[in-house]
Amino acid sequence: MSWQAYVDTRYDVEVAERLVAPAEIQAVVASFADKEDVKKVQSEGFHVASEKFITLKSDDRSLYGKKGKEGVVIVKTKQAILVAHYPESVQPGSAATTVEQLGDYLIKVGY
């Protein structure tokens, strides 16, 4: 099963027309590699689709951010970076679990 088929059959996904700028992705990638006690992304936050998010979690695989009652969950796999935005109607924990599980699946199938 392709990863797109996996997503389509297991998750209620709405594709938004928000675009992540190359500089924003570069900052996310840099945050994954940052090994400082207090990462730059933790003290400064980060941007997705030109919107600034406060960092809630940052490690070598995941980056969570919040802006008001909405947020983003970013997960790195072997070949991709998943960027998921959740609106205020979605619980942050539910969004994180869903994106992390999709990341686990993609890693398992080598993507």
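Me: Which residues does S62 touch, not counting residues up to four places away in sequence?
Reply: Keep in mind that this is a predicted model, where local features need pLDDT of at least 70, side-chain atom pairs count only at pLDDT 80 or more, and totals for chains, interfaces and linings use all residues. Residues are numbered from 1 along each chain as its sequence is written, and side-chain values use heavy atoms, with hydrogens and water left out. Contact means heavy atoms within 4.5 Å. With that cut-off, S62 touches F32, K57, I74, V75 and E100.

Me: Which side chain makes a polar contact with the side chain of S62?
Reply: A polar contact is a pair of N or O atoms within 3.5 Å; within protein, one must be able to donate a hydrogen and the other to accept it, and residues adjacent in sequence count only if both atoms are side-chain atoms. For S62 the distance is 2.5 Å, and the partner is the side chain of E100.

Me: Where does S62 lie?
Reply: Helices (H or I, at least four residues) and strands (E, at least two) are DSSP runs, numbered from the N terminus. By that numbering, S62 lies in strand 3.

Me: How many bridges join strand 2 to strand 3?
Reply: Two strands pair if DSSP finds at least two bridges between them. Strand 2 covers residues 51-58, strand 3 covers residues 62-67, and they run antiparallel. A hairpin of three residues connects them. The number of bridges is four.

Me: Which residue in strand 4 is the bridge partner of Y64?
Reply: Y64 is also the strand 3 bridge partner of K57. Strand 3 pairs with strand 4 (residues 70-76) too, in the antiparallel sense and over six bridges. In strand 4, the partner of Y64 is V73.

Me: Which residue takes a positive phi in the hairpin of strand 3 and strand 4?
Reply: This hairpin has two residues between the strands. The phi in question is near 65 degrees, and the residue that takes it is G68.

Me: Which residue forms a salt bridge with R61?
Reply: Side chains of opposite charge can pair when their charged atoms come close. A salt bridge is a side-chain nitrogen of Lys or Arg within 4 Å of a carboxyl oxygen of Asp or Glu. For R61, the closest N and O atoms are 2.8 Å apart, and the partner is D104.

Me: How many residues apart are R61 and D104?
Reply: R61 of this salt bridge sits in the loop between strand 2 and strand 3, while D104 is in helix 4 (residues 92-108). The pair links distant parts of the chain, and the separation is 43 residues.

Me: Which residues are linked in a network of salt bridges?
Reply: One piece is the salt bridge between the side chains of E70 and K67, at 3.8 Å from N to O. The network links E51, K67 and E70.

Me: Why is the pair of F46 and F53 stacked?
Reply: The count comes to one aromatic pair. Rings of Phe, Tyr and Trp (its six-membered ring) pair if their centres lie within 6.5 Å; planes under 30 degrees apart count as stacked, over 60 as edge-to-face and the rest as tilted. The centres of the F46 and F53 rings are 6.0 Å apart, and the pair is stacked because their planes are at 25 degrees.
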